[in-house]
Amino acid sequence: MDLGINKRKTEHIRLCLNDNVEGVNKTTGLEGISFIHNALPEIDFNDIQLETTFLGKKVNAPFLVSSMTGGSELAEEINGNLAKAAEQKGWAIALGSTRALLESDAHMNSFLVRQHAPTAPLIANIGAVQFNYGYGARECQRIVDLTEADSIVLHLNSLQEITQDEGDINFHELLPKIEEVCKKLTVPVGVKEVGFGIEGTVARRLFDAGISYIDVAGAGGTSWSQVEKLRSKDPLRKAAAEAFNSWGIPTKDCIVSVKSELGSAVPVVASGGMKTGVDAAKALTIGADVIGFARKLLQAATESEDAVIKAMDQIEMELKMTMFGIGVKTIDELKNTNRVTIMGRSLLDKS
């Protein structure tokens, strides 16, 4: 039984809670987007609806609890609170890397959250690089079966792995292995980054290999090279990681690039530095379909289910207020609004 992975998960949580792990001089890019206030919205605020669909299931809002953790005692409490809140609010929820579920018997319950979220869209998670270290479709299917997940997402985290003392750094020829997993699994397979971003050309290759959705996980929030720098005991790796404190593609640029390349062919999850419902609204107007929140919910999840719900309520309220401010009642109307200015250019000019 390898307990090293469980210890690492606890360290990750504590660093994200207590240290400055965001990128330096790097933003999501969403600050370049603003809405054009509608002084005469002609709608009743109470008629605003946030419902949409994700992974073939109805969700009450276009929101995802992004992959964060699992495989430690602290993670059991966190994931339990997140799952219960997601079920109550009607959000989708993703687990942290489930590799620990297969490699250690410790804290299995941190991943087995279906009991707390019987109807929420649930996404399992494994690092794609593990396909070069003995994992494949069989292990992915076992993870899906154990967690009762509706999907599995493969995370791409090359910069994190190279800055991690225990990192797996053989990313050679992963795409054919990803394609094989997509063909063999019984659930949709997605791909996500971990905070450095996915742009259109990479998204195209992944889509052509059979990927069902792309979580761009762009720069502007937590930098996992900085998290691993703080953990590292290797002076060379620690010093080198500092040069990458502003690395990554801003979340806005990822969304625009992927949608430009693939259009509506693949759903886009926008995560990476999302802090408010206004951020979510901006991402939806430029092509995102679902918005992922992680660190925004992490502190609340260490406290209670109610604290998580309170944070979720605020995000939803902020999104509804944005929609009221421009006079739209549905997510589809928001995604098609022209009451937005992007880098100083108003879409109202088109009308």
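Which residue in β8 is the bridge partner of V153? I looked it up, and the partner is G190.

**Ground rules.** I'm working with a predicted model, where local features need pLDDT of at least 70, side-chain atom pairs count only at pLDDT 80 or more, and totals for chains, interfaces and linings use all residues. Residues are numbered from 1 along each chain as its sequence is written, and side-chain values use heavy atoms, with hydrogens and water left out. The helices (H or I, at least four residues) and strands (E, at least two) I name are DSSP runs, numbered from the N terminus.

Entry: I started with strand β7, residues 151–155. Five of its five residues are buried, meaning under 20% relative accessible area, against over 50% for exposed and partly exposed in between (1.4 Å probe, protein chains only). I saw S151, V153 and H155 pointing one way, while I152 and L154 point the other way.

Next I checked the pairing, which needs at least two DSSP bridges between two strands. β7 pairs in the parallel sense with β8 (residues 189–192) over four bridges. It also pairs in the parallel sense with β6 (residues 122–127), over five bridges.

I then followed the chain from β6 through helix α4 (residues 137–147) to β7, and the three make a right-handed β-α-β unit. Right-handed here says that, with the strands pointing away from the viewer, the path from the first strand over the helix to the second runs clockwise.

Entry: How many strands does the open sheet with the order β1-β12-β13 have? I noted three strands, with antiparallel pairing. β1 (33–35) and β13 (345–346) are the edge strands, each pairing on one side only. Three bridges join β1 to β12 (residues 340–342), and I33 has I342 as its bridge partner.

**Entry: α11.** Helix α11 lies across β1 and β12, at about 100° to β1. For that angle, axes are lines fitted to C-alpha atoms (for helices over the stretch in contact, heavy atoms within 4.5 Å), and angles run from 0 to 180 degrees between N-to-C directions.

Is α11, residues 277–285, mostly covered or mostly open? I found it mostly covered, with eight of its nine residues buried, including D279, K282 and L284. At the N-terminal end, T276 is the cap, with a side-chain oxygen 3.2 Å from the backbone nitrogen of V278. Just after the helix, I noted G287 with a positive phi of about 130°.

Conventions. Polar contact = N/O pair within 3.5 Å; in protein donor to acceptor, adjacent residues only side chain to side chain.
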